[in-house]
Structure formats: structure tokens, C-alpha cells
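Here is a short report for a reader new to this structure. Take a look at the model, then read on.

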Amino acid sequence: MASQKINAEKEVLAVRISAEYSDLDKYIYMVFFIDKFYGKLIDIAFVISADHKLLKFLNSYTDLLELYKHIEMYNKINSVSGSYYDKFKEAINNILSEDRSINNIILYHNNNNIISIIDMFSSAMNRFMDFHIGTFDIVRSIISIDDLNLTIENLHKELENMSSHASVSGSENNNISGENKEEKPVPNYKLINASFIVDPIAGKSINDIQPGDKVIVSINSNTVEENIIYLELNGKQDKYSKYLVPAEVLEKHIEEKSIKILLKLIEGYCCLIEESEPIKLKIFNPNKDLYTIPEKTDEKDSDNENKSFFKKLFPKMDTFKLAMIGLGAVIIIVFISIVYVFFFQT
């Protein structure tokens with residue numbers, strides 16, 4: 001089914017620019033939206049990080065609206081702010097605040113001139129990264145301003161809900177002191193759908209699970225919150241693309257025909273799982289169940305192995321000396337061959 005044509009007055013140019021700085025092991029990921037009809041910036045979101053798992057996660061999104069939501073939610077949960085953040089935002093706003101820059105970006109997009117769009121930002125971004133040179137990539141698309149406004153509206157609601165969860169939890173904790181009540185105040189959190197991972201051999205029986213234990217649970221990847229939880233907890237993916245993350249047991253309630261367990265994922269997010277069978281749960285092992293950044297030194301390791309092999313044979317010789325010895329050996333062999341041919345074959 002063909003996509004519906006967007007009215008020219010409602011066209012928004014969505015642009016994603018990323019720059020990887022391999023020598024710093026950092027990257028910048030930025031998304032911004034320009035109203036093509038009125039020629040003005042609508043909003044911008046960016047992240048500056050060294051988290052390669054986050055980079056892989058962001059690169060997996062082709063929908064720039066979803067990408068925008070994930071960046072904003074990530075910054076909110078991780079409380080990204082401060083002079084460092086503001087300094088980069090100011091540098092980009094200085095570019096996008098000029099009408100000429102906005103008009104040029106629209107013109108370059110219409111002419112499919114992506115290099116010129118990158119050039120408008122590369123100097124400022126490289127300067128911000130202490131004049132290191134980044135490897136740039138750009139993605140563009142035209143979206144409807146109605147879709148963008150709806151995304152921004154829903155995002156603001158989600159961010160407000162997150163703030164209200166945090167403030168209510170904080171006020172409840174403050175009210176505990178000085179009050180002699182038998183019942184503890186009910187914590188305020190958002191429930192995430194999850195299920196236990198079963199480990200019949202090395203697992204721990206659900207009957208023996210106690211508050212404080214950490215087990216592995218499976219969550220989906222359909223919402224912003226689930227993706228943020230996955231990133232925050234350094235989870236892994238199974239073959240069905242489910243997210244496997246550690247969760248801490250908070251409460252356990254044994255009922256007539258089932259056991260209900262409340263588990264904490266990250267601050268403000270929990271899951272409540274009910275089981276009727278005496279299953280064995282997979283216990284969290286930090287050495288096996290966390291994502292680790294892949295090593296980038298495979299070629300270097302191979303070179304080091306070769307070097308160490310030669311060093312074992314010639315422990316007191318450097319590479320230059322070995323090369324000269326090899327060259328000398330080749331010259332001697334060639335000389336002997338010439339002498340042999342000249343004297344014995346004529």
C-alpha cells in the first residue's frame with residue numbers, strides 16, 4: 001500500500017546526523033526537525049556518549065520519530081544536563097537559529113546534496129570534540145507535522161509521568177520517618193510486562209526465592225521504557241529478540257494456588273509475575289548475563305601474536321634488524337645463483 005502524500009504546508013524535514021570519533025571512543029547522535037513551509041526549527045534532540053551498545057541500539061531505528069523519542073527518554077532517565085550538554089546545544093542552535101542556514105538545509109535536501117548538509121555541522125561538532133575529526137553519517141526523511149506534534153505531545157506526557165512517579169516516591173519515603181505505622185506506604189512505580197527465565201538444572205526454586213535475590217526476566221521491546229530498561233541494565237537479547245535483564249526481588253506473596261513476585265527493574269519501573277508451577281528460576285550472574293562491549297583489537301592481537309613469535313626466536317633483535325637480515329639472505333642467495341649459472345651452466 002502506497003504511503004499517503006503529505007500536504008506541502010505540513011511537510012517537515014527530519015534529519016539525523018551522527019559523528020563517530022574513534023580516537024576518543026565517543027560519538028554524537030543528533031536528530032532535528034525543520035518546518036519546510038515556514039522555514040524554522042521545530043525541535044532538536046541529541047546524545048553524546050561512549051556507550052557502544054546505545055549506538056548500536058540507535059542505529060537500528062529507521063523511524064526518526066521513534067529515534068527522537070528514545071534519545072529524549074534516555075536523556076531524561078540518565079539526567080543528562082550541565083554545562084557540557086548546554087555547550088553543544090548552544091553550538092548547534094547557533095547554526096539552526098539563522099534563517100539562511102535553515103533555507104540552505106532545505107535547499108541541499110531538495111538537491112540531494114548531503115555533503116553540504118554535513119559540512120554545515122562538521123566544523124562545530126569537531127571543534128566541540130577538541131578538534132578531533134569524526135566520521136559522519138546522515139539520514140533524512142519527510143514527515144507530517146501532525147505526526148511530529150502527536151509524537152512530541154505523547155513524549156511530554158510520558159516524561160511528566162516519569163517525573164510524577166519520582167516525586168511521589170520521594171515524598172512517600174520522607175513521610176516514613178516520624179510515623180509509627182505498621183503498614184509501609186505503597187511505592188509508586190510503573191509495571192512492565194515480564195516473564196521469568198527458567199533454568200531447570202542450575203536454577204533456584206521459586207519456593208526458595210527471597211527478597212534481595214536477583215533473577216533474569218524477559219521483557220519485550222515495544223515501548224520506549226522497555227528499551228531504556230534494556231540499555232540501563234546492560235541486558236542481552238535471545239534468539240527471539242526478547243530482552244533478558246536482571247531484576248531484584250522486592251516482595252513475594254504466597255497464595256493458595258500461585259506465587260506472586262514483585263521485582264525491581266530500574267528506578268520507577270517494576271514487574272509483577274505470577275507463577276502456579278514450582279519452576280526453577282535463572283539466577284543473575286554478572287559475569288555471564290551482562291552485555292560487554294566487543295573488543296576492537298582482533299587485528300592488533302594477531303599482530304602481537306606474530307610479534308611475540310618472532311621475539312621468542314630472536315629476543316634481542318628488533319623488526320628493522322630482522323628485515324635487514326632477511327634482505328641480506330635474499331641477496332646472498334641471488335648472488336650464489338648467478339655464480340652457479342655463470343660458471344657451471346656455460
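## Terms and basis

A residue is buried when its relative accessible area is under 20%, exposed when it is over 50%, and partly exposed in between, using a 1.4 Å probe and protein chains only. By that cut-off Lys 69, at 15% relative accessibility, counts as buried.

This is a predicted model, in which local features need pLDDT of at least 70, side-chain atom pairs count only at pLDDT 80 or more, and totals for chains, interfaces and linings use all residues. Residues are numbered from 1 along each chain as its sequence is written, and side-chain values use heavy atoms, with hydrogens and water left out.

## The chain as a whole

The chain has nine helices and 13 strands. These are DSSP runs numbered from the N terminus: helices are H or I with at least four residues, strands are E with at least two. Of the 346 residues, 36% count as buried.

A contact means heavy atoms within 4.5 Å. Among contacts with a separation of 6 or more, 65% join residues 24 or more positions apart.

## Confidence

The predictor's confidence in each residue is its pLDDT, from 0 to 100. The chain averages 83, and 80% of the residues score at least 70. Over residues 167–173 the pLDDT is below 50, and this stretch has six contacts in the model beyond near neighbours in sequence. Residues 176–186 also have a pLDDT below 50, with three such contacts. Where pLDDT is low, the predicted coordinates should not be read in detail.

Lys 69 lies in helix 2. Leaving aside neighbours within four places in sequence, Lys 69 is in contact with Thr 151, Leu 155, Glu 158 and Val 224.

His 70 is in helix 2 too, which spans residues 64–77. His 70 is buried, with a relative accessible area of 2%. Beyond its neighbours within four places in sequence, His 70 touches Phe 57, Tyr 61, Thr 223, Val 224, Asn 227 and Ile 228.

## Helix 1 against helix 7

Helix 1 (residues 52–59) and helix 7 (residues 224–232) have axes that come within 10 Å and cross at roughly 155°. Axes are lines fitted to C-alpha atoms, for helices over the stretch in contact, and angles run from 0 to 180 degrees between N-to-C directions. Angles under 35 degrees count as roughly parallel, over 145 as roughly antiparallel, 65 to 115 as roughly perpendicular and the rest as oblique. Helix 1 and helix 7 are therefore roughly antiparallel.

Lys 53, Leu 54 and Phe 57 in helix 1 meet Asn 227, Tyr 230 and Leu 231 in helix 7.
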